[in-house]
Amino acid sequence: MDTFRYRAGKLYCDDLEIDGLISQFGSPLFVYSQNNFVENLEAVRTAFQPIAPMICFSVKSCSNVNLLRLLVEQGAGLDVVSGGELYRALQAGADPSKIVFAGVGKSVEELESAVELDVFLINVESEDELRRLRGIAEKHQKRVKTGIRINPDLVDSTTHAKTATGGRASKFGVPSIHVPVMFEKFRNDRYINLSALHVHLGSPISTETVYVEALRRVYNLIREVQSMGGRLDTLDFGGGFAAHYDRSMPADTLSRASTAITRELEPLRRDGVRFIVEPGRVISANSGILVATVEYIKRGWDKTIVVLDAGMNILIRPTLYGAKHIIWPTCFQNYYGHWQDVENENQRDGSALSGVDVVGPICETGDYFALNRVLPSVKQGQHIAVFSCGAYAMSMASQYNSRPRPAEILVTGSKSAVIRRRESYSDLVALEL
Ligand SMILES: Cc1ncc(COP(=O)(O)O)c(C=O)c1O
């Protein structure tokens with residue numbers, strides 16, 4: 001389901017016209033759909049229903065506390081990777097018994113907070129970290145439920161090198177061959193309840209095959225640990241489920257992945273193992289858009305360059321990962337329909353500008369949202385939507401070039417609410433005075 005649609009040539013989020021939101025709240029602007037968030041969470045729940053995992057939304061994908069609260073109120077747990085995300089989770093009203101804590105470099109303070117709060121699970125990524133956690137658990141006289149994030153030496157060929165986390169060259173996880181030894185060392189530990197495994201291969205992952213292969217390796221590892229007398233009652237199989245950035249992604253990606261995963265996990269479910277899934281983008285990416293305004297249209301040596309008032313400081317994915325986001329004016333002819341089909345519509349119309357670079361105002365050559373993109377003719381002052389910006393957009397945004405970050409708006413039906421105000425110039429220096 002997607003609530004961003006064109007009606008009579010105007011882009012809407014639910015019942016609100018996007019251009020109206022820009023007039024009210026200014027540009028650039030993030031616009032999120034409450035219905036999309038809730039429906040996408042529900043889709044994940046339905047997809048994995050046979051194994052009923054604890055769904056821990058990945059905070060890093062979209063960390064506005066109001067959006068987290070929305071998901072928490074719908075029953076979601078949260079996956080955090082820092083003390084700051086843990087703080088956000090608490091501010092959002094999350095129950096610590098539904099929080100999982102991952103991350104390769106947790107500090108003493110971060111582990112200490114997680115232990116004090118009794119989060120459901122801490123996934124460690126090295127033996128060093130496990131020893132540090134043990135010391136903290138002993139200090140607090142607690143037995144801490146702990147998992148080991150494994151590095152299965154497995155890479156999905158379609159995942160960008162910078163976001164693939166399961167390969168042997170990656171910094172993440174413990175090489176699977178070392179895992180049984182760690183279980184042996186901490187098997188009957190008084191302060192560490194080592195009873196979980198965690199695997200996250202990176203993202204986005206568009207095929208189910210790599211999940212299946214990873215889970216087979218995990219399964220063998222679990223059996224090995226169990227044969228040594230280790231007790232494993234929890235498996236966290238991570239996130240990474242692809243969002244529909246455009247029509248090249250089949251509509252049933254999530255259901256194909258979940259069908260294959262639930263089939264692989266059925267024997268463990270029968271053994272009483274409990275599961276955790278950590279989806280981020282599949283819930284948040286298509287629940288938000290970034291809207292920007294055309295500042296200038298300039299002629300380069302051999303192409304047209306459209307300069308927006310939003311740049312890589314707000315959305316870094318295109319330059320960091322070569323990510324494609326559909327980019328389109330918020331007003332387009334008399335078009336009715338889904339935003340993902342709008343590019344095809346333009347080909348029929350034939351009035352496209354070709355070879356357009358869509359860039360931002362930041363002083364970096366890498367500051368672009370798209371290169372050589374086909375766009376309909378646009379004018380100065382026109383508003384442009386950058387779709388699928390609910391994930392890894394605002395959560396990765398910075399004030400680089402001393403540009404205040406945009407406001408975030410949440411839409412439900414015909415209502416809109418500011419869920420993060422626009423930053424001001426005084427915010428830029430607030431911590432420096
Ligand atoms: C440990 C872990 N879990 C879950 C996720 C969520 O990934 P995605 O947003 O692609 O679902 C990430 C993303 O980096 C991650 O590192």
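This is a predicted model: local features need pLDDT of at least 70, side-chain atom pairs count only at pLDDT 80 or more; totals for chains, interfaces and linings use all residues.
User: How many residues of domain 1 are in contact with residues of domain 2?
Analyst: 25 residues of domain 1 touch 24 residues of domain 2. Two residues count as in contact if their C-beta atoms, placed from the backbone, lie within 7 Å.

User: OK, back to the domains. Which element gives the most to the side of domain 1 that touches domain 2?
Analyst: That's β21, with 4 residues. At least two residues each come from α11 (317-321), β21 (407-412) and β22 (415-420). Helices (H or I, at least four residues) and strands (E, at least two) are DSSP runs, numbered from the N terminus.

User: What classes of residue are on that side of domain 1?
Analyst: There are 11 nonpolar, 10 polar and 4 charged ones. Here Ala, Val, Leu, Ile, Met, Phe, Trp, Tyr, Cys and Pro count as nonpolar, Asp, Glu, Lys and Arg as charged, and the others, Gly among them, as polar.

User: Where do the two domains run in the chain?
Analyst: Domain 1 covers 4-32 + 285-429, and domain 2 covers 34-284. Those bounds come from an automatic or database domain assignment. Taken over C-alpha atoms, their centres are 32 Å apart.

User: New topic: which residues are closest to the ligand?
Analyst: Ser58, Ser203, Gly239, Glu278 and Gly280 are the closest, in a shell of 18 residues. By class, the shell has 6 nonpolar, 8 polar and 4 charged residues.

User: And the helices? At what angle do α5 and α6 pack?
Analyst: α5 (residues 108-117) and α6 (residues 127-139) pack at about 50°, with axes 10 Å apart. Axes are lines fitted to C-alpha atoms, for helices over the stretch in contact, and angles run from 0 to 180 degrees between N-to-C directions.

User: Which residues meet there?
Analyst: From α5, Val108, Leu111, Glu112 and Val115 meet Arg132, Leu133, Ile136 and Ala137 of α6. This contact has 6 nonpolar, no polar and 2 charged residues.

User: What about α2 and α3, which residues meet?
Analyst: Gln34, Phe37 and Leu41 of α2 meet Leu67, Leu70 and Leu71 of α3. That contact has 5 nonpolar, 1 polar and no charged residues.

Conventions. Residues are numbered from 1 along each chain as its sequence is written. A residue is near a molecule or strand if its C-beta atom, placed from the backbone, lies within 6 Å of it.
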